[in-house]
Amino acid sequence: MLKADLHVHTCYSADCGTPLDKIVARCLQIGINCIAIADHNGIAGALKLKEIAPFNVIVAEEIMTPIGELMGLFLTQEIPRGLSAQETITRIKSQGGLVNIPHPFGHSFRENKKLLSQEILSQIDLIEVFNSRIPFPNTFPKASKLAAEYRLPASAGSDAHTIREIGRAYVEMPEFNGPEDFLDCLTRGKIFGQRSSSLLHFVS
């Protein structure tokens with residue numbers, strides 16, 4: 001079984017200073033054996049970590065669109081920020097990737113109606129229902145309800161921007177082989193998670 005933290009940042013994100021080697025060491029220390037590296041608007045860090053890590057690394061990217069962030073997983077090419085949500089989704093899928101909505105209710109109770117529209121949700125492959133950095137616990141059941149409503153697999157991640165945050169949320173799931181098998185294994189996974197201190201936002 002895998003313990004997969006599906007939302008981790010590295011020093012290749014402007015708001016994170018965590019070196020790649022320390023991420024590997026931390027994962028080995030706490031038993032995380034699969035991570036999705038989802039740096040902001042870039043995949044260089046994920047590609048480099050994939051080369052050195054002795055465990056499964058999913059190349060991902062947290063991409064800013066005019067209506068909010070989308071996450072691509074299993075990417076081979078970087079997708080620039082600022083494209084429309086539709087163009088971003090098209091570019092993710094054109095390279096065989098999966099489309100995720102990270103923290104769908106953001107950092108507040110307000111719903112992003114444009115990002116969570118029927119048009120966008122009909123093209124999504126999975127939804128992050130637990131994010132350790134979100135300060136409002138009531139958003140988690142809302143995200144789970146949204147995933148269930150659209151029959152989408154539920155994801156979880158620490159959204160780690162510091163080394164000790166890694167593994168605060170993860171999915172225990174079977175080993176997978178490629179994007180489609182990942183989705184199937186994710187549906188059989190179990191989410192574990194703890195919220196991180198809101199003070200961490202001041203150091204990242």
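**Burial, pairing and cores**

Modeller: N100 touches L70, M71, L73, L126, I127, E128 and S155, leaving aside residues up to four places away in sequence. The model is a predicted one.

Colleague: Where is the place of N100, and why does N100 count as buried?

Modeller: N100 sits in strand β5, residues 98-101. Its relative accessibility is 0%, and buried means under 20%, so N100 counts as buried.

Colleague: What lies 3.1 Å from a polar atom of the N100 side chain, and what makes that a polar contact?

Modeller: The backbone nitrogen of E128 is 3.1 Å from a polar atom of the N100 side chain. The cut-off for a pair of N or O atoms is 3.5 Å, so the distance qualifies.

Colleague: Which residues of helix α1 are buried, and why are they said to line one face of the helix?

Modeller: In α1, residues 20-30, the buried ones are L20, I23, V24, R26 and C27. Viewed down the axis of α1, they fall within an arc of 165°, so they line one face. An α-helix has 3.6 residues a turn, so residues three or four places apart point the same way.

Colleague: Which residues are exposed on the other side of α1, and what covers the buried ones?

Modeller: On the other side, D21, L28 and Q29 are exposed; the word requires over 50% relative accessible area. The cover of the buried residues includes β2 (34-40) and α2 (44-52). Just after α1, G31 has a positive phi of about 85°.

Colleague: How many bridges join β2 and β3?

Modeller: Seven, in the parallel sense, with β3 spanning residues 56-65. At least two are needed, so β2 and β3 pair as well. A36 stands opposite I58 in β3. The chain crosses from β2 through α2 to β3, and this β-α-β crossover is right-handed.

Colleague: Which residues touch the most other members in the largest nonpolar core?

Modeller: That core has 40 residues, and I35, L49, L70, I124 and I127 touch the most other members. Helix α1 gives the most to this core, with four residues. The contacts of I35, apart from residues up to four places away in sequence, are D5, V8, I23, C27, L49, F55, N56, V57 and I58. There is also a second, separate core of 25 residues, which includes L6, A36, L73 and L126. In soluble globular proteins, nonpolar side chains tend to be buried together.

Colleague: Why does L49 count as buried, and which residues does L49 touch?

Modeller: L49 lies in helix α2. Its relative accessibility is 0%, under the 20% limit, so L49 counts as buried. Not counting residues up to four places away in sequence, L49 touches L20, I23, V24, I35, I37 and V57. L49 and D21 are 28 residues apart in sequence and 8.0 Å apart in space, C-alpha to C-alpha.

Technical notes: Residues are numbered from 1 along each chain as its sequence is written. This is a predicted model: local features need pLDDT of at least 70, side-chain atom pairs count only at pLDDT 80 or more; totals for chains, interfaces and linings use all residues. Side-chain values use heavy atoms; hydrogens and water are left out. Buried means under 20% relative accessible area, exposed over 50%, partly exposed in between (1.4 Å probe, protein chains only). A polar contact is a pair of N or O atoms within 3.5 Å; within protein, one must be able to donate a hydrogen and the other to accept it, and residues adjacent in sequence count only if both atoms are side-chain atoms. Contact means heavy atoms within 4.5 Å. The arc is that of the directions from the helix axis to the C-beta atoms. A crossover is right-handed if, with the strands pointing away from the viewer, the path from the first strand over the helix to the second runs clockwise. A nonpolar core is a set of buried Ala, Val, Leu, Ile, Met, Phe, Trp, Tyr and Cys residues joined through side-chain atoms within 4.5 Å.
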